[in-house]
Amino acid sequence: MSTNNAYAIVFNGTKKPLEKKNFPLASDIGDNEVIVEISLTTVCGSDVHTWLGHRPFPTPCILGHEMVGKVIKLGACVKNDFSGNKLNEGDRIVWSMTVCCKECFFCKHNLPQKCTKLFKYGHEKSDVSPFFSGGFAEYIILKESSDIFKIPDELSNEEVSPLMCAGACVLNGLNLAEFADCNHLVVQGCGALGLYACAFGKALGAKKIIAIDRNESRLDFAKEFGADYTILVNNNSESIEQVKKITKDQGADYVVEVTGDPNVINPGIEMLRVGGKYILLGAIYPGSDFTVDSSKIIRNAIKIIGLHNYSPKYLKDAMNLVKQLKNKYPFKKLVGPNFDFSVQGVENAFKSLDSKKSLRPSIIPS
Ligand SMILES: [Zn+2]
Ligand SMILES: [Zn+2]
């Protein structure tokens, strides 16, 4: 067995420093595995939450679950991508963040992202072979049953990487709510997920997009991604009033929550019209309690929809949408600045996202 070594940045737990570590990179992979050289990794908000200790997490772990890379070696049985395109060494690819068994109850009931044997890149212990399972590393080994997607030549690495978590999740959320032609979509929170929600929501049939955030510069960004109205939040009752005014007292057809703040949920529900749908994607951490008057849900026939992760096909659909819309919205501008592939570089990238100085800071590991 021939073996090389490669570097990864390892998360050892909250309040412990990140560590740049050398691991053996086996070249004799399994027949259903793929060795990928990582070309670009973007930092997701949840990487930062993990680093800050907002949730229990397996360690040691190579974080990073939004990335693209180049096929270095294909296992003997890996022939095609998810769509049936032939895979070759040297191809640029992206892959689903989750790997599922395709056999359990959830896999068979349209919730593969909740598989009972779920594996999730950037969320696994990295002290066992084949070690490379996250984005802050020179290489990654894709395991059996990974859903792989060839990247079309028209799309840059920057346009694809954030789709692996943020973009695909937003698109799956809209689909789950049976998003269709409508008058008004409200987007609460204009980070990367919110900007995808603005652009995708408009492409999928919203006549007007209302974007809400606490940060003026993010609202300016939202306008570039299709927002027709922006609301700078001072207090919640003011924002509700503004949405009512824009919608001529009817309320919005859909509201998407991508703030991560449970305090926006109740006001968000108030912004809906009778029969409206509330799509919860952001306030994911345990303890995100909210109180709502159930009579409003019942009397107004409101639907509340939650989604975590995404079904792999939405990564393909998100890529296709970005391909269609790339000249209309500046998807590339979501990514950057770029930080060094070093302990300091990754920590600075985390700090940059945490302080809202950037939307998707990036690392180029190799
Ligand atoms: Zn993520
Ligand atoms: Zn399963």
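First, the ground rules. This is a predicted model, where local features need pLDDT of at least 70, side-chain atom pairs count only at pLDDT 80 or more, and totals for chains, interfaces and linings use all residues. Residues are numbered from 1 along each chain as its sequence is written, while chains are lettered from A and ligands numbered from 1 in the order in which they are written.

Let's start with the domains. The chain splits into domain 1 (3-165 + 311-363) and domain 2 (170-306). Those bounds come from an automatic or database domain assignment. The C-alpha centres of the two domains lie 28 Å apart. Domain 1 puts 17 residues into the contact, and domain 2 puts in 15. Here, contact means that two residues have C-beta atoms, placed from the backbone, within 7 Å.

Which helix gives the most to the side of domain 1 that touches domain 2? That is α10, with five residues. A word on naming: helices (H or I, at least four residues) and strands (E, at least two) are DSSP runs, numbered from the N terminus. By class, this side of domain 1 has nine nonpolar, four polar and four charged residues. Nonpolar covers Ala, Val, Leu, Ile, Met, Phe, Trp, Tyr, Cys and Pro; charged covers Asp, Glu, Lys and Arg; the others, Gly among them, are polar.

Next, helix α4. How do we describe packed helices? Two packed helices are described by the angle between their axes and the distance between the axes. The axes of α4 (residues 166-176) and α10 (residues 313-325) come within 8 Å and cross at roughly 100 degrees. Axes are lines fitted to C-alpha atoms, for helices over the stretch in contact, with angles from 0 to 180 degrees between N-to-C directions. So α4 is roughly perpendicular to α10. Angles of 65 to 115 degrees count as roughly perpendicular, under 35 as roughly parallel, over 145 as roughly antiparallel, and the rest as oblique. Residues in the contact include L171 of α4 and L315 of α10.

Helix α4 has another partner. Its axis and that of α5 (residues 192-203) come within 9 Å and cross at roughly 50 degrees. Therefore α4 is oblique to α5. From α4, the contact includes V170 and L174; from α5, it includes Y196 and F200. The residues of this contact divide into ten nonpolar, two polar and no charged.

Is V186 buried or exposed? V186 is buried, because 30 other C-beta atoms lie within 10 Å. The cut-offs are 20 or more for buried, 12 or fewer for exposed, and partly exposed in between, with C-beta atoms placed from the backbone. V186 sits in strand β10 (residues 182-188). Its contacts beyond four places in sequence are I210, I212, V243, A252, V255 and M271.

S362 is in strand β17 (residues 360-363). S362 is buried because it has 23 C-beta neighbours inside 10 Å. S362 and T41 are 321 residues apart in sequence, yet 5.6 Å apart in space, C-alpha to C-alpha.

Last, the backbone. Most residues other than glycine have a negative phi, and most peptide bonds are trans. A cis peptide bond joins T59 and P60, with omega about -5 degrees. Another cis bond joins S129 and P130, with omega about 10 degrees. K248, not a glycine, has a positive phi of about 50 degrees. K248 lies in the loop between α7 (236-246) and β13 (252-257). D249 is in the loop between α7 and β13, and its phi is near 75 degrees.
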